[in-house]
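Dear colleague,

My notes on what was found in it follow directly after.

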Amino acid sequence: MQKPIATTRSATTIPTGKLAVWWVLASEVVIFGGLLCSYIMHRLGHPEFGDYAAHTNVWLGGTNTFVLLTSSYFAVRAHFEAEHGRGANAAKWLYATVGGAVCFLVIKSFEWTHEIQAGLTITKNAFWSFYYVAAGLHGLHVIGGAIIMLVIASDAKKNKELHRVELIGIYWHFVDVVWIFLFPLLYIAK
Amino acid sequence: MATPAQEHSHAHDDHAHGADGHGAHDHGHHEMSFWSKYVFSTDHKVIGMQYMFTGLAMGIIGAFFSYVFRMQMAYPGHHVPFFGVVSAAEYNSLITNHGTIMIFWLAMPVLIAAFGNFLIPLMLGCDDMVFPRLNRLSYQIFLLSALVLIASWFVPGGGFGGAWTAYPPLSAKAQYNLTPMGSSLWVIAVALEFVAFLIGGINFVTTAMNSRAPGMRMFDIPMVVWMIVIASILFMASVGPLIAGAFMLLFDQTIGTGFYDPVRGGDPILWQHLFWFFGHPEVYVVLLPAVGIVAEIITVFSRKKMFAYKTVLYTAFGTGILSFFVWAHHQFIAGIDPRMANVFTATTVLISIPIAEMMFVFVATLYGGSIELTTPMLWALGFIAEFIIGGVTGIFLGSSGADIYFHDTYFVLAHFHYTFVPIAVIAVFAGITYWYPKMFGRMLNDTLGKIHYWGTIIAFNGIFIPLFLTGMGGDHRRIYNYDNFPELANDRLNHLREFATISLVVLIFFQFIFIVNFFWSLKNGKKAGNNPWNANTLEWVAPSPPPHGNFAELPNCYRGPYEYSHPDREQDFWPQNEPA
Amino acid sequence: MGIEHYIEQASSYAADIDNLIWLVGVLVGFWFVLIEFVFFGLIVAYRRRPGVKAQYITGEEKHQKRWVGIPHELVLVCDVVIIIAAVRVWVDVKQTLPPAGETVRVIAQQWAWSFVHAGPDGKLDTADDIKTVDEMHVKVGTVYHFKLESRDVLHSFSVPVFRLKQDVIPGREITGWFKATKLGIHDIQCTEICGIGHGLMPARIVIQTKGEYDAWTAAQTATASR
């Protein structure tokens, strides 16, 4: 399908793809914001949440924070390569980013398996309900983002649609930022 | 940015290809199968039509539900023709799904997605939306959401009956609502609809911001486009917390979490806040596009420039922003801290100001005009006259002290039908009768149109004025039989309820006239030509109906959209694309 | 045509609420009539006539904006009056709790109301409490505190003749007050959808003199102790 002329116009001088990504990010901010505000309101009304939160694994959570931040750095490198027209290199850095995502998910599944086996399930109490829903929703966004990143990488390898490398990078940074809010709220605030 | 000379769309009405190198593109228009042209199309006009027909079909279902439950109100316990005897459970399910359908599957798809998709690229002078495949995806998700909702009525246990507001614990536990599968499918359907509109919004906002015709500045954009864009932003900014809340409700329903369960440390009021934080802006999400449609029609048929265009725009922004600060007026007596009620009564009563200003501006536009009462104009003027009733009756409810009595009575119901029916019915008919010539290339029959209008408007008032009175008289909401309440089981109230029901039957009868007119005129209506109304905006430059690609040559824009009756001109209109 | 036309006023604040509604009605009614009059008047005055062109008015000039600006400011004044009046009624009914002459527990469930009245000892939550289903007895002229509870979902305690309404939330006890001013037997409604039996839980409030109430109390206790 040929791109309509509408796609190529830019009355605001911002490319349409970038506007679209910011719109998606704004929607996601409101969704996660609503969820986290509900959590915070609950937390303020239930001091015992602090005791429940003591059972989260701060080390694994912290490692995952490092993993995501590193993967965001890889995404920045990918953007740099794409800016300079080096699609194959950009793809390599995108694959590294996806690698970070996989690493994040592996650590998370290890973490959750351990917690579930210890009886800390989603129905255990309200804290653990929020914990799994918030981190789970975030995890879905990691998976979704990684899949889209692979598609963009395969195009980038052929030097096609290189502008999308920056766009998925912006999305990836957002996924990172959500985690940076989740981590202290769920793991550290005891 | 491409200059006009370089931009040629892919219009194929004469099979000529521009001499600019676009050459032989393999759109395969001539060989396009039925499926690719009408079902899997990425063309914004087809997608707009898909939304319109799906929305109107769902609206018919919602109207049928209202017929059934109002027959029960008028003649409790009697067999309702085309339905049967209405049980208490069925009654709750009918009212729940009536409200849910009308807001999410009629008002939003027709006002925002149908008119938005059809009009925005045309009014901005471009060939399609910015992301056509994403546009198609949004419709597909929307269609799925409608099918999930319909499925929810046929599963064991029946459809969800906890009101469109779905307050837990009733909505969260099957032991209370007795509709285990129906409740969850209802939540999933609504969540899918939200996702469809979030995705759809991407196109409305990016296309309006970026894809305008060369020369079209911000204040040259037609008001209906602005309104749909602001509505999309308002929707996006308000729905997020409810999406989170819907996930939480779904988990409470299915896997036994306790987000809203007081026994498990949860809070039922949390849902109310999440719901209404969205729910109040949502009413403006549907109001603004309706107002936009009315704005286009009033200017054309009074041959007058819109009075204070910028003021209208600022009141729309103002209303949108203020709408985030009024939500708890739905919860005055819900058990929130009573001191909070004072804040919300102040904000709620004050939000009447930007909206009143909007109405004043439309009335001012009529001053000095040359008014022709065509069918679209009748609908547009009807919108204003009726919506004002909705607006002023809202003040009774926003006044906390008065709401103590009025909450959950039919007064509330009559108030919001005096806002929603103008929005979802009157403005929709206004838009359809106005743009039908552009969409289908034919004129609707004007006599049938006027009969349809008067029948609808008069019957509409016949339904809801009695219901204001029954509400004042103490009729509380969502009750399937008032015979159990000695103070309400009297002739005076019974007659009012019956009158309302008969008016509804009359209203429904008049809609058949519209349906006949609509389909008959597709083949037999007078041919419309490009610009039957002598309007200024760019959609009237394209052929009727516009081909794929919309314009043979994409237009430039030289002025605002409302230059009617300019003193320096002979002609009383001045199309946006005509060079100075 | 006010509410008292349909439902009598039987509480100390019912008239205040009805008067607030009248105030809103007058202010809002004035604007409604005015704007509809202007609206229809303009349609008639400026209908299309052959040879008469419409005027070109931008609405951006100050002298033009005034026509919208001034009504708009007057509406603001009316709004402020309404807000103040509404808050005064609200504070009285929902924020203040006059000292209780009597207390009664109101328990909502799917699908019935039950009430716990203090027995002859005058104290609630003692052995001689009088429990009833779907019928509440109160003494006229006494300030009552009611304590609302729910056994399952949200319900709402509504007494139209008092103009009173309060939602009931499971997991919480919500307190409110009223003072009955007229004798009689009237409807109690549930005004929050609570399932398929939402319309099947009417109750009655019996407003009695002190003498009648004491007699009723004695009769209940006598029956109970048999």
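The domain bounds used here come from an automatic or database domain assignment. For chain C, that assignment gives domain 1 as residues 3–95 and domain 2 as residues 102–225. Please bear in mind that this is a predicted model.

The notes concern how these two domains of chain C meet. Taken over C-alpha atoms, the centres of domain 1 and domain 2 of chain C are separated by 39 Å. In contact across the boundary are 15 residues of domain 1 of chain C and 14 residues of domain 2 of chain C. Between them the two domains of chain C bury about 1300 Å², with 49% of this area on carbon and sulfur atoms. On the domain 1 side of chain C, 41% of the area buried against domain 2 is supplied by C:Glu8, C:Ala10 and C:Tyr13, more than by any other three residues.

Across the interface of the two domains of chain C, 14 residue pairs are found in polar contact, both residues being at pLDDT 80 or more.

On the side of domain 1 of chain C that touches domain 2, the elements giving two or more residues are α1 (14–45) and α2 (62–95) of chain C. The residues of that side comprise seven nonpolar, three polar and five charged.

With kind regards

Note on methods:
Residues are numbered from 1 along each chain as its sequence is written. Chains are lettered from A and ligands numbered from 1 in the order in which they are written. This is a predicted model: local features need pLDDT of at least 70, side-chain atom pairs count only at pLDDT 80 or more; totals for chains, interfaces and linings use all residues. Side-chain values use heavy atoms; hydrogens and water are left out. Contact means heavy atoms within 4.5 Å. Buried area is the accessible area (1.4 Å probe) that two parts lose on being put together, summed over both. A polar contact is a pair of N or O atoms within 3.5 Å; within protein, one must be able to donate a hydrogen and the other to accept it, and residues adjacent in sequence count only if both atoms are side-chain atoms. Helices (H or I, at least four residues) and strands (E, at least two) are DSSP runs, numbered from the N terminus. Ala, Val, Leu, Ile, Met, Phe, Trp, Tyr, Cys and Pro count as nonpolar, Asp, Glu, Lys and Arg as charged, and the others, Gly among them, as polar.
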